Amino acid sequence: MQAHDIILAQHPFFAGVKPQTWSLITPCASFLHVDAGKYLFHEGEEALYFYILSEGKVLLEAFDAQLGAVPIETIAAGDVLGWSWLFPPYRWHFSAKALAPVQAVTLDASCLREACERDHDFGYVLVRQVAQVLMQRLQATRLQLLDIYRTPERGKR
Amino acid sequence: MTMTSIAPELAQDPMLPRRYRIQRVQREISDTFTWILQPVEGNTVSPFACGQFNMLYVFGVGEIPISLSGDPGKPELLVHTIRAAGAVSRAMQTLKAGTVIGVRGPFGVPWPVEAAQGKDVVIVAGGIGLAPLRSVMYTLLAQRARYGRVVLLYGARTPQDILYHKELERWRARFDLDVAITVDRASGAWFGNVGVVTRLIPHASFDPSNAIAMLCGPEIMMRFTAIELEKRGMAAEHIFLSMERNMHCAIGFCGHCQYSPYFVCRDGPVFSYDRIRALLVKREI
């Protein structure tokens with residue numbers, strides 16, 4: 001096994017993958033290093049990779065002509081990054097910038113989608129895991145939207 | 001800590017305020033400030049435990065409960081961090097050093113700091129919720145060897161709303177503390193974490209089977225934090241929350257702070273999660 005295969009096999013995201021499926025996944029994997037301040041991808045670009053961060057920190061941001069780059073969320077080592085590669089039109093909705101030097105295992109998106117088509121059991125596991133991450137991020141985003149630390153307007157003495 | 005007997009006048013009548021002078025006012029963030037209070041009469045000292053609160057009385061305006069946020073090892077000075085959010089707290093914001101106010105207390109059930117000895121301690125604070133947990137930090141750091149890993153996770157609204165900025169910087173620089181800070185909103189000049197404080201929990205280093213968690217912040221933040229800590233494997237009885245209700249008498253007498261079977265002033269403000277889990281999702285109370 002190569003180093004990135006070991007990282008993938010030990011990552012909780014791939015916990016439900018059957019041993020025989022690894023031969024479909026590992027050819028999709030490679031290592032990536034991104035220096036602090038550099039971008040992993042930009043909004044609107046084709047979503048070519050799925051990222052498993054093993055080191056560093058990534059900031060997701062949106063760009064607005066008036067506001068500039070608006071930080072949305074940080075993704076830490078141990079997290080996975082990106083799901084636009086799984087759903088058409090396969091384009092990133094936000095940009096991702098390395099806040100600290102990033103080490104990641106990347107999985108080639110078309111290779112991974114092809115693996116899903118060839119092995120629907122794997123496809124189910126993958127989509128279920130992505131849905132789990134989506135749910136966690138959605139719940140966190142909803143909490144973020146509540147603006148819970150604002151000064152209350154009434155009911156305080 | 002030097003044990004000192006409870007102030008005699010407090011022992012006699014918990015409804016009688018003692019006079020304290022504002023020795024110093026420290027501006028923290030835009031709407032939040034800290035008072036350092038000194039007793040007017042002699043050397044009266046009221047020992048307090050982490051997590052307890054005092055009733056602070058602005059004469060002619062009103063009285064509100066405010067957590068103690070100073071060092072329990074230095075009870076001769078009372079330290080209170082106050083957010084100007086209502087009529088009384090806004091009046092407090094206008095008071096200058098030298099003003100005399102009334103103080104009743106300390107009241108309430110404290111954080112389980114002694115029970116946490118020998119265990120990892122996970123402190124999760126949101127917004128001004130860091131104030132009552134600062135006392136815990138002082139105690140843990142004064143007796144650092146008695147505890148396992150100490151993790152402080154702090155969430156604020158924006159980078160400008162981060163409370164106790166300098167202390168957090170000092171704590172982050174220590175090798176025997178894990179401190180992570182996140183903000184809900186940021187501009188491009190912020191290089192730290194962005195996102196809610198619950199997102200820090202999966203990355204925190206502690207042993208869930210041998211840890212005590214102490215949470216303070218908006219109720220909804222504590223509820224979701226407790227859920228995340230349970231996902232990590234922590235038992236509900238090892239997760240403690242500091243609740244806030246409309247406390248008036250502070251001795252379980254008037255009923256203003258009734259929280260189903262509890263009075264928050266007397267039975268709390270610190271509760272274990274297993275005692276109040278069901279109440280946190282009830283709309284009627």
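In this predicted model, the side chains of Arg83(B) and Asp31(B) form a salt bridge with an N to O distance of 3.3 Å; a salt bridge is taken as a side-chain nitrogen of Lys or Arg within 4 Å of a carboxyl oxygen of Asp or Glu. Arg83(B) belongs to strand S5 (residues 78–83) of chain B and Asp31(B) to the loop between S1 and S2 of chain B, so the pair ties together parts that are 52 residues apart in sequence. Helices (H or I, at least four residues) and strands (E, at least two) are DSSP runs, numbered from the N terminus. Arg83(B) is partly exposed, at 22% relative accessible area, whereas Asp31(B) is buried, at 15%. These classes were assigned with a 1.4 Å probe on protein chains only: buried is under 20% relative accessible area, exposed is over 50%, and partly exposed is in between.

The loop that holds Asp31(B) lies between strand S1 (18–29) and strand S2 (32–39) of chain B. The side chain of Asp31(B) also makes a polar contact of 2.9 Å with that of Thr32(B). A polar contact is a pair of N or O atoms within 3.5 Å; within protein, one must be able to donate a hydrogen and the other to accept it, and residues adjacent in sequence count only if both atoms are side-chain atoms. Apart from neighbours within four places in sequence, Asp31(B) is in contact with Thr151(A), Ile82(B), Arg83(B), Ala84(B) and Gln93(B), contact meaning heavy atoms within 4.5 Å.

Residues are numbered from 1 along each chain as its sequence is written, and chains are lettered from A and ligands numbered from 1 in the order in which they are written. Local features need pLDDT of at least 70, side-chain atom pairs count only at pLDDT 80 or more, and totals for chains, interfaces and linings use all residues, while side-chain values use heavy atoms, with hydrogens and water left out.

Over all chains, the count comes to 14 salt bridges. Between chain A and chain B the count is 4. Arg157(B) and Asp147(A) form a salt bridge in which the closest N and O atoms are 2.5 Å apart. This pair crosses between chains, from Arg157(B) in the loop between strand S8 (150–156) and helix H4 (165–173) of chain B to Asp147(A) in the segment after H4 of chain A. Arg157(B) is partly exposed, with a relative accessible area of 29%; Asp147(A), at 10%, is buried.

A salt bridge also joins Arg199(B) and Asp79(A), with the closest N and O atoms 3.8 Å apart. It crosses between chains, from Arg199(B) in the loop between strand S10 (193–194) and strand S11 (211–216) of chain B to Asp79(A) in the loop between S4 and strand S5 (80–81) of chain A. Arg199(B) is buried at 16% relative accessible area, and Asp79(A) is buried at 11%. Glu73(A), Asp79(A) and Arg199(B) are linked in a network of salt bridges.

At the interface, 26 residues of chain A are in contact with 39 residues of chain B. The area buried between the two chains is about 2700 Å², of which carbon and sulfur atoms give 51%; buried area is the accessible area (1.4 Å probe) that two parts lose on being put together, summed over both. Across the interface, 10 residue pairs are in polar contact, with both residues at pLDDT 80 or more. On the side of chain A that touches chain B, the elements that give two or more residues are strand S3 (49–64), strand S4 (68–76) and helix H4 (120–145) of chain A. The largest share, 7 residues, comes from S4(A). By class, this side of chain A has 15 nonpolar, 3 polar and 8 charged residues, where Ala, Val, Leu, Ile, Met, Phe, Trp, Tyr, Cys and Pro count as nonpolar, Asp, Glu, Lys and Arg as charged, and the others, Gly among them, as polar.

Chain A has 4 helices and 6 strands, in the order α-α-β-β-β-β-β-β-α-α from the N terminus. Its C-alpha atoms fill a box of roughly 65 × 35 × 30 Å along the principal axes. Of the 157 residues in chain A, 43% are buried.

In helix H3 (residues 109–118) of chain A, the buried residues are Ala109(A), Leu112(A), Ala115(A) and Cys116(A). Seen down the axis of H3(A), the buried residues fall within an arc of 120°, so they line one face of the helix; the arc is that of the directions from the helix axis to the C-beta atoms. Glu117(A) and Arg118(A), on the other side of H3(A), are exposed. The cover over the buried residues of H3(A) includes helix H2 (22–25), S3, strand S6 (95–108) and H4 of chain A.
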